[in-house]
Amino acid sequence: MKKLSILCAIFLVVTSCVQSTRTRVVVLTLDVSGRGPVEKVGVRGEGNPLSWREDLALIPLVKDSLYTVTLTAQTPYDFYEIKFTANGQFELEGKDNRRLVFAGDTTYYLAKFNVPV
């Protein structure tokens with residue numbers, strides 16, 4: 001009986017430590033107007049499918065002006081930390097990352113390059 005109680009206690013501790021995940025959809029839209037010719041626009045950040053090592057490309061809605069990407073991820077977290085890039089250069093150098101807080105299952109985030117929220 002004592003062994004059964006110990007096994008039950010271990011099971012409860014192990015299973016209660018796992019955070020539940022939710023599917024999150026994030027639609028990012030970035031305004032880069034006024035920057036001149038733009039070859040490529042991306043986003044970097046913390047959390048799958050983002051990375052701080054390489055850009056996740058945004059696609060043009062309006063060339064040299066408006067770009068977008070839709071991310072879908074399973075995550076236990078309530079936010080992403082991100083920064084955008086244009087032509088390989090990070091925005092907001094020396095400033096805090098953008099904190100994108102999820103608003104339900106689908107979050108829409110509109111930003112202007114190099115302008116903090």
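## Ground rules

Residues are numbered from 1 along each chain as its sequence is written, and side-chain values use heavy atoms, with hydrogens and water left out. In this predicted model, local features need pLDDT of at least 70 and side-chain atom pairs count only at pLDDT 80 or more, while totals for chains, interfaces and linings use all residues.

## The sheet

Four strands form an open sheet in the order 4-5-1-9. Strands here are DSSP runs (E, at least two residues), numbered from the N terminus. Two of them pair if DSSP finds at least two bridges between them. The pairing in this sheet is mixed. Strand 4 (59-62) and strand 9 (106-112) stand at the edges. Each has a single partner strand, so one side of each lacks a neighbour in the sheet. From one strand to the next, the twist averages 25°.

Strand 1 (residues 22-31) and strand 9 run parallel, joined by seven bridges. L30 stands opposite A111 in strand 9.

## L28 in strand 1

L28 belongs to strand 1. L28 touches several residues (heavy atoms within 4.5 Å), among them V43, Y67, I82 and Y109. The C-alpha atoms of L28 and L110 are 6.1 Å apart, though 82 residues separate them along the chain.

## T75 in strand 5

T75 lies in strand 5 (residues 66-75). T75 is also buried, at 8% relative accessibility. Its side chain reaches the backbone nitrogen of Y77 at 3.1 Å. T75 touches residues including S20, R22 and F102.

Terms used:
Axes fitted to C-alpha atoms, helices over the stretch in contact; angles between N-to-C directions. Buried < 20%, exposed > 50% of the residue type's maximum accessible area, 1.4 Å probe, protein only. Polar contact = N/O pair within 3.5 Å; in protein donor to acceptor, adjacent residues only side chain to side chain. Lists of a residue's contacts leave out its neighbours within four places in sequence.
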